[in-house]
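Subject: Structure for you to look at

Dear colleague,

Here is the structure I said I would pass on. Please open it next to this email; what I found follows below.

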Amino acid sequence: IPVTLRFTVVPGRDTEQQDVVGFQVFFAAFGNVVNISNIFMQNSYEIILAIGMFFCLTTGGNVDLSVGSVVAFAGAMMGALTLNSGMPTWQAVAITLVTGVLIGAMQGSFIAFLNVPPFIATLSGELVFRGLTQVVLQGQTLSPFSDGFKFFASGFVLRDVEVFGVNAVCLVCLILGTAAIIFSELKKRRSNKKYGFAQTSIFVSVAKCVFLIAVLAAILLSLSTHNGMPFILLVMAVLAIVYTFIANKTVLGRHVYMVGGNPKAAKLSGVRTDLVMLAVYTNMAFLSTIAGFVVAGRLNAASPKAGTGYELDAIAACTIGGAGSASGTIMGSIIGATVMVDGTQQGVSTGIDGRYEISGLHSGDVLVYSYVGMKSCRHQVLASGTINIALETDAMGLEQVVVVGSYRSKAKS
């Protein structure tokens, strides 16, 4: 049985447990080394889109509904330019990136200068670019791409170079990550002491650092045993660092938070809210174009069906990570995207399409939590049980996903 989900639902005040107790599905996926690599490689597009969607949501709960269509259109352009026209890959990448920026600037101009609601402007973009994708590809799938383009999404960096039996890139990343974790915690403690803020116990800080370093080491050493460091993981790490710096340490990042908190007050304070919105939606299209490269390179094909539903995945990931409020962070959105793709990643090792299985189970989890939130105040124990997700072969020799569950309820049936 690839995945087992056990759950118990109780109210928070009447027992020693909280509203939702027991949820043993996510860490099962990490038991397989191949799955750890697949989590980052197969679903890297979602993390990239979540970084861009974070800024859209932070401007006041706005969204970009065109990201899935832009992903598909970017892949279609790459296919048309490299496979149909014979253009070198680097030139096609440059032209497609510029086109993506222009798409974002166009949609951002409608929002910023013509006061078109972001929902309407990007919904129109979703329909337009989905149609253009069909026109460019003429309803067909184009493949294969060059090895260099495929390396961007599915390649490994220095996979055969090892130091003390560990992949060299993974070892360097572990050293740098450990140093960054320790430095960040020390800097935080010095800052709190300087400004007279409450300090956490030194034992808590040490335990926090040890835990984070242990998690980082477990992931990197596991990757080291399976082909090494994926190139796309390094790309995502660079994007996370750069955009975290932009959000926390630059004028533009502070202005994005100000616009999301109170756009009228921000404008009266001298913030060019129109330019902020333009920058946010231009950046979203830019990252959608990069995600399009990832999807096309991973599939080794430009498909007219690519990107379907990706906008909802990105919005859900950011919402899980706390985006849309003053306390939202880039890292929170990345964690939200990882949680979404992690839930049923066991299905990938059995050959099941990971995206659909992940979306299906996570939607079910969200429904369970929503139901708990409405009912937990009235019942001592709502339900408890087990759900097993198995892969079985029928009489025709076809594989089927079988979900078998049972529960006990003290509430009204």
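A nonpolar core, as the term is used here, is a set of buried Ala, Val, Leu, Ile, Met, Phe, Trp, Tyr and Cys residues joined through side-chain atoms within 4.5 Å. Please keep in mind that this is a predicted model.

The core

By that definition, the largest nonpolar core in the chain has 84 residues. Ile-48, Leu-49, Met-53, Phe-54, Phe-55 and Ile-330 are the residues with the most contacts inside this core. Helix 12, which covers residues 273-299, supplies the largest share of the core, 13 residues. To see the surroundings of one of these residues, go to Met-53. Leaving aside residues up to four places away in sequence, Met-53 touches Val-63, Asp-64, Val-67, Met-284, Glu-311, Ala-314, Ile-315 and Cys-318.

The chain as a whole

The chain has 413 residues, and 45% of them count as buried. Its secondary structure comes to 16 helices and eight strands. Among contacts with a separation of 6 or more, 72% are between residues 24 or more positions apart. The accessible surface is about 21,000 Å², and carbon and sulfur atoms account for 65% of that surface.

Thr-59

Thr-59 is found in the loop between helix 2 (44-58) and helix 3 (67-84). Apart from residues up to four places away in sequence, Thr-59 touches Val-256, Val-259, Gly-260, Met-277 and Val-280.

Leu-252

Leu-252 is part of helix 10, residues 251-261. Its relative accessibility is 39%, and therefore Leu-252 counts as partly exposed. Val-271 is 19 residues from Leu-252 along the chain, and the C-alpha atoms of the two are separated by 9.6 Å.

Salt bridges

How many salt bridges does a search of the whole structure find? The search finds three.

- Lys-150 with Asp-147: the closest N and O atoms are 3.4 Å apart. Both residues lie in helix 6 (residues 147-154), and they are three residues apart, about one turn of the helix. Lys-150 is partly exposed because its relative accessibility is 23%, while Asp-147, at 60%, counts as exposed.

- Glu-185 with Lys-208: the closest N and O atoms are 3.4 Å apart. This pair links distant parts of the chain, with Glu-185 in helix 7 (residues 168-194) and Lys-208 in helix 8 (residues 202-224), 23 residues apart. Glu-185 counts as buried because its relative accessibility is 9%. Lys-208 has a relative accessible area of 37% and is partly exposed.

- Asp-274 with Arg-272: the closest N and O atoms are 3.1 Å apart. Asp-274 has a relative accessibility of 18%, so it counts as buried. Arg-272, with a relative accessible area of 47%, is partly exposed.

Regards

Methods
Residues are numbered from 1 along each chain as its sequence is written. This is a predicted model: local features need pLDDT of at least 70, side-chain atom pairs count only at pLDDT 80 or more; totals for chains, interfaces and linings use all residues. Side-chain values use heavy atoms; hydrogens and water are left out. Helices (H or I, at least four residues) and strands (E, at least two) are DSSP runs, numbered from the N terminus. Buried means under 20% relative accessible area, exposed over 50%, partly exposed in between (1.4 Å probe, protein chains only). Contact means heavy atoms within 4.5 Å. Accessible areas come from the Shrake-Rupley method with a 1.4 Å probe; for residues, only the protein chains shown count as cover. A salt bridge is a side-chain nitrogen of Lys or Arg within 4 Å of a carboxyl oxygen of Asp or Glu.
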